[in-house]
Amino acid sequence: MSMSQSDFEPAPQPGAVATIVKAVLSGCAVAVVGLGVWGGLLTAGSMWRDVMPLAVPIMGGVLILGAAYLRWSRWPKAGRAYRRAGLRFNRVRLHAFVLSLVAGWSTMLSSFCLYVAHRTVAGMGGEGALALPNAPFTSLLPGLLMAAFVAGAVEEVAFRGFMQGAIERRLGIVPAVAISGFVWALFHTNHSYFGEEALVWFAIFLAVSTMLGAVAYRTDSLIPGIAVHAGFDAAYFVAAGLLHPSTTPIAFVQSIASPQSLLTAAAGAGAIAILSLAAFLRETRAHRHVGLK
């Protein structure tokens with residue numbers, strides 16, 4: 001059987017618009033399914049109290065099965081490579097991992113301090129309280145930690161994995177981070193704080209997305225980003241649980257710190273973020289996408 005020259009030519013790459021549309025839709029689908037399941041479990045728990053203790057282990061099983069499907073499932077065959085590439089669960093060198101944690105958490109802490117200082121100066125007060133059931137903190141803690149992990153894992157897979165990863169491979173890192181960060185911000189516009197200060201929050205989400213996107217790009221892994229994202233959310237959710245129902249985390253910080261001290265803390269955290277991110281970029285320059293062992 002004879003073969004023509006075309007049989008050896010690689011398949012043509014999809015156009016830029018098609019790549020972006022597919023990446024955005026697939027990332028949004030992952031986010032909607034993952035976050036929707038957790039939201040459904042919480043709703044069921046509020047309606048039927050017997051369901052609440054099972055919400056955390058059920059969600060843990062859902063996350064494990066979802067990750068296994070994305071990584072190893074052969075059905076449907078047409079999207080197998082795309083699913084595995086989107087999951088982006090690759091090992092990362094320990095030094096790079098530690099630097100990414102420091103850079104990520106200091107970036108988020110700096111943004112938090114700046115935002116609290118802004119709300120204080122603007123006379124906006126604290127944020128809306130989390131809708132938590134009236135239960136002892138020890139009973140709330142497993143759900144708070146799972147909520148943080150769900151947000152970190154699902155959103156990183158959706159936005160830095162499926163969305164950024166696909167655009168990154170086709171168009172480069174800058175448009176990939178910009179598009180995924182913008183859509184990530186849009187996904188949070190249903191939160192009460194977005195209605196008050198949409199431009200401020202878009203800027204915050206794009207800044208944090210740039211940091212998380214750079215880490216995912218230089219390591220080709222979502223593991224550091226999940227640790228950063230889930231870790232910061234866990235600190236906030238646990239603080240909210242401890243302070244509930246008397247006050248909220250932002251209101252509490254406003255009560256103990258002046259805008260000037262918050263700006264000083266933001267500057268210090270920002271300096272740490274810049275130095276640690278620079279060290280991370282140096283560490284991963286020679287090992288990007290290869291030395292992940």
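Me: What is the mean pLDDT of the protein?
Reply: The mean is 90, and 90% of the residues reach 70 or more. pLDDT is the predictor's confidence in each residue, from 0 to 100. It's a predicted model, so local features need pLDDT of at least 70 and side-chain atom pairs count only at 80 or more, while totals for chains, interfaces and linings use all residues. Numbering starts from 1 along each chain as its sequence is written, and side-chain values use heavy atoms, with hydrogens and water left out.

Me: Which elements have the lowest and highest mean pLDDT?
Reply: Helix H7 (residues 192-196) has the lowest, 69, and helix H9 (residues 223-243) the highest, 97. Helices here are DSSP runs of H or I, at least four residues, numbered from the N terminus. Where pLDDT is low, the predicted coordinates should not be read in detail.

Me: Why is Arg 160 called buried?
Reply: Buried means under 20% relative accessible area (1.4 Å probe, protein chains only). Arg 160 has 0%, so buried it is. The residue sits in helix H5 (residues 137-171).

Me: What makes the Arg 160 and Glu 156 side chains a polar contact?
Reply: The term needs a pair of N or O atoms within 3.5 Å, one able to donate a hydrogen and the other to accept it; residues adjacent in sequence count only if both atoms are side-chain atoms. This pair is at 2.7 Å, so it falls within the 3.5 Å limit.

Me: Is Val 98 buried, exposed or partly exposed, and why?
Reply: Exposed means over 50%, and partly exposed lies between that and the buried limit. Val 98, in helix H4, has 39%, so it counts as partly exposed.

Key
Helices (H or I, at least four residues) and strands (E, at least two) are DSSP runs, numbered from the N terminus.
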